[in-house]
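Here is a briefing to read beside the sequence and the 3D view. Keep both open as you go.

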Amino acid sequence: MENTDSDSRHLLNPEVDPEIHPGPGNIQFDPSDLRSKRPFYIEPTNIVSVHDVIQRVSDHASALNKRIHYYSRLTSPADRALVAPDHVVPGPEECYVYSPLGSAYKLQSVSEGHGKNSSVVTIFMIWNTIMGTSILSIPWGIKQAGFTTGICVILLMGLLTLYCCYRVVKSRAMISSVDTSTWEYPDVCRHYFGSFGQWSSLLFSLVSLVGAMIVYWVLMSNFLFNTGKFIFNFIHHVNDTDAVLRTNDSSPVTCPSAGTGHPDNGSVTYGGDPGLQQFEKWWDKSRTVPFYLIGLLLPLLNFKSPSFFSKFNILGTVSILFLTFLVTVKAIQLGFHLEFHWFTPTEFFVPEIRFKFPQLTGVLTLAFFIHNCIITLLKNNKNQENNVRDLSIAYMLVTLTYLYIGVLVFASFPSPPLSKDCIEQNFLDNFPNSDVLSFIARVFLLFQMVTVYPLLGYLARVQLLGQVFGDAYPSIFHVMILNLIIVGAGVSMACLYPNIGGIIRYSGAACGLAFVFFYPSLTYIISLRQEDRLTWPKLTFHVLIMVLGLANLLVQFFM
């Protein structure tokens, strides 16, 4: 009878230590069995703020929870025979971090400081997440700012965005009244600014996401057009570079815009051959190719989970490494072509100091942007005491990569016979379609963007629909409407304003105003004020950062 009573006690009135296992109906499993650690499951209802007082629990989540409790009551906690099986318990929540024009990662959920990433892996992940397609516009940005000014601006923006990112990393430690170990940066914003911080962080996050998706659509249209043109010209033995201003050496460089500042639409007249004219009619960079992408990408945006596409993260690294190789080879072949004129432009060279340098600051704001997910990335660092050091090293590597690509492309651009003003907003456009290395780079980048684009669409869907409806996939109708709006914006920009430099600088200055300049500085000022540690030098310095962020946005509309 004693054994019977002892066994039934687990079924009728389980003995639970209220301090270790608080709350009624707590689930008990053998802690030594990792598979048996089944959590109380509530579907995520809010990606921006998951700490609402009232949580909306779906019927599906409630049913799952009851099943788990049912299995826990069938036998004693030490008996593993009736552990809740895998099909009863849902998979772990998918957590993605991203840089708007860089990479998107799927992270495993770990407690802070219990990740397995070494400092080297952490530095590489930050570098790889930040790096992205904005690197294609860095040479153009240097041309707009002037060679000397451009180098100085890249260094200064790297330092400024690093400091603001450091303030984001330290923001949770400034809050001592509550436990912030599980918080992300939007939670910090909500703590200081309430619902305004919650909704404004959502708004600016969507600006960065949608802006990145528009840039991706423009670039994918560009790469698909040039890839198709390379294949067509190769098969039909067509040379279409004679109609474009170009150099005449063994490694030709073209000037599609011929110094007008307007991007080339990719159309070249093929004489009287009706077959070639028909190809030109149906394969146009701004009138047809952007629409062809709809059939490929719109279905991919409707996937409930984009975890399949996260397996191709390595393509981002391969693309950047190949771009570095391409630029190095071209620089060796072309040599350096530099003349220094501080204020006066010449026929082939731009001055060292140009008043268009804010265009570069707008591009760099997005090029250095990782502030929305840096806390999540550093949580996986095994050595938390090295977070600041690893972050600084990663930013230094990013800055050096931008400088390497930008300086080499600008310095090796053949002037004369071409003017430095011919450098395109996408520097790959300065190489003809027949260039094999450029063709390979475009194929790499096209495939990478096709895999990253659904991830960005998923994040936009989760943030907007999850916030408004409490469900990231309320129905196929809601998802289709959102995806059609995003795709429509991309197609419209690819047809009417295919200027990736302009799109990057506008969206970068807009989202950077909040996440890079305003929120990190303002939260730091408020926390110091609450602790009576705010001094005039600190106040002046951080107000100046916010003023620079606002000026960075406003000046974009006058350039």
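How many helices and strands does the chain have? The chain has 16 helices and two strands. This is a predicted model, and every value below is computed from it.

**Overall picture**

- The chain has 559 residues, and 53% of them count as buried.
- Contacts between residues 24 or more positions apart make up 80% of those with a separation of 6 or more.
- The accessible surface of the chain is about 25,500 Å². Carbon and sulfur atoms hold 65% of that surface.

**Cysteines**

- A search of the whole structure gives one disulfide. Which residues form the disulfide? The partners are Cys-255 and Cys-422, with sulfur atoms 2.0 Å apart.
- The link of Cys-255 and Cys-422 is left-handed, with -80 degrees about the S-S bond.
- Are Cys-255 and Cys-422 buried or exposed? Both are buried.
- Cys-164 is in no disulfide. Its nearest cysteine sulfur belongs to Cys-165 and is 8.7 Å away.
- Cys-164 is buried, at a relative accessible area of 1%.
- Cys-189 also counts as buried, because its relative accessibility is 0%.

**Aromatic rings**

- The count comes to 20 aromatic pairs.
- Why is the pair of Phe-232 and Phe-279 stacked? The ring planes of Phe-232 and Phe-279 are at 5 degrees, with the centres 3.8 Å apart, so the pair is stacked. The cut-off for stacked planes is under 30 degrees.
- Phe-232 and Phe-279 link distant parts of the chain, 47 residues apart. Phe-232 belongs to helix 6 (residues 185-236). Phe-279 belongs to helix 7 (residues 274-282).
- Phe-232 counts as buried at 12% relative accessibility. Phe-279 counts as buried at 16%. The cut-off for buried is under 20%.
- Which residues do ring pairs link into a cluster? The members are Tyr-192, Phe-193, Phe-369, Phe-515 and Tyr-519.

**Charges over rings**

- Arg-167 has its charged end over the ring of Tyr-524. The distance to the ring centre is 3.7 Å.
- Arg-505 lies over the face of Tyr-506. Here the distance to the ring centre is 4.6 Å.

**Salt bridges**

- Side chains of opposite charge can pair when their charged atoms come close. The count in this model comes to seven salt bridges. Among them are the pairs of Asp-284 with Arg-287, Arg-354 with Asp-421, and Glu-531 with Arg-533.
- Asp-284 and Arg-287 have their closest N and O atoms 3.1 Å apart. Asp-284 counts as buried, at 3% relative accessibility. Arg-287 counts as exposed, at 55%.
- Arg-354 and Asp-421 have their closest N and O atoms 3.6 Å apart. Where do the two partners sit? Arg-354 is in the loop between helix 9 (314-334) and helix 10 (357-367). Asp-421 is in the loop between helix 12 and helix 13. The pair links distant parts of the chain, 67 residues apart.
- Arg-354 counts as buried, at 14% relative accessibility. Asp-421 is partly exposed, with a relative accessible area of 28%.
- Glu-531 and Arg-533 meet at 2.8 Å, N to O. Glu-531 is partly exposed at 35% relative accessible area. Arg-533 is partly exposed at 40%.

**A serine in helix 13**

- Ser-438 is found in helix 13. Is Ser-438 buried or exposed? Ser-438 is buried, with a relative accessible area of 0%.
- Which residues is Ser-438 in contact with, leaving aside its neighbours within four places in sequence? The contacts are Leu-326 and Phe-431.

Conventions. Residues numbered from 1 in each chain as written. Predicted model: local features only at pLDDT ≥ 70, side-chain atom pairs only at ≥ 80, totals over all residues. Heavy atoms only, no water. Phe/Tyr/Trp six-rings, centres within 6.5 Å; stacked < 30°, edge-to-face > 60°. Helix = DSSP H or I, 4+ residues; strand = E, 2+ residues; numbered from the N terminus. Buried < 20%, exposed > 50% of the residue type's maximum accessible area, 1.4 Å probe, protein only. Lys NZ or Arg CZ within 6 Å of the ring centre and 35° of its normal. Disulfide = S-S within 2.5 Å. Contact = heavy atoms within 4.5 Å. Areas by Shrake-Rupley, 256 points an atom, 1.4 Å probe, with all protein chains shown as cover. Salt bridge = Lys/Arg side-chain N within 4 Å of Asp/Glu carboxyl O.
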